[in-house]
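Hi,

Here is the structure I promised to pass on.

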Amino acid sequence: MVLLEFQISPRADGDSVSAYVAQVIDIIDKSGLPYQLTPMGTIVEGEWDESFALVKACFDHLRQAGCTRIGLNLKVDWRDGPGGRLQAKTAKVEQLLGRKLRT
């Protein structure tokens, strides 16, 4: 099972790329994979192949949308075992601290 965090940065006319970001988030949301949107990227949980296929689908969409330059930052944490780490990792830290965190 993989926790995969990625930030994809399309080059676009002007300063705002929020329309492209919204399109990418729509692809992620429709994938059915558990995910967490953050201000600086998105964390996805799934099997290796499906997680990387999702990143590729997002990249391919931006290319087809006319982006001539795309930056991609990617972090992967693979661990043999069941899913559910997207929430479990935060819950474990909260348990150790004895309080709910502002996440």
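Let me start with Asp 77, which is partly exposed at a relative accessible area of 29%. By that I mean the middle class: buried is under 20% relative accessible area, exposed is over 50%, and partly exposed is in between, with a 1.4 Å probe and protein chains only.

Before going further, a word on where this comes from: it is a predicted model, local features need pLDDT of at least 70, side-chain atom pairs count only at pLDDT 80 or more, and totals for chains, interfaces and linings use all residues. Residues are numbered from 1 along each chain as its sequence is written, and side-chain values use heavy atoms, with hydrogens and water left out.

Back to Asp 77: its side chain meets that of Lys 89 in a salt bridge (3.6 Å, N to O). A salt bridge here is a side-chain nitrogen of Lys or Arg within 4 Å of a carboxyl oxygen of Asp or Glu. Asp 77 sits in strand E4 and Lys 89 in helix H3 (residues 85-97), so the pair ties together parts 12 residues apart in sequence. Helices (H or I, at least four residues) and strands (E, at least two) are DSSP runs, numbered from the N terminus. Lys 89 is partly exposed too, at 43%.

Arg 85 joins in as well: salt bridges with shared partners link Asp 77, Arg 85 and Lys 89 into one network. Arg 85 belongs to helix H3 and counts as buried, at 10% relative accessibility. Its side chain also reaches the backbone oxygen of Asp 77 at 3.0 Å, a polar contact (a pair of N or O atoms within 3.5 Å; within protein, one must be able to donate a hydrogen and the other to accept it, and residues adjacent in sequence count only if both atoms are side-chain atoms). Leaving aside neighbours within four places in sequence, the residues in contact with Arg 85 (heavy atoms within 4.5 Å) include Met 1, Glu 45 and Trp 78.

What else is there? The structure holds 6 salt bridges. One of them pairs Glu 5 with Lys 75 at 3.2 Å, N to O. That one links distant parts of the chain, from strand E1 (residues 2-10) to strand E4 (residues 70-78), 70 residues apart. Glu 5 is partly exposed at 25%, while Lys 75 is exposed at 54%.

Another joins Lys 56 and Asp 60, with the closest N and O atoms 2.6 Å apart. Both lie in helix H2 (residues 48-64), 4 residues apart, about one turn of the helix.

Cheers
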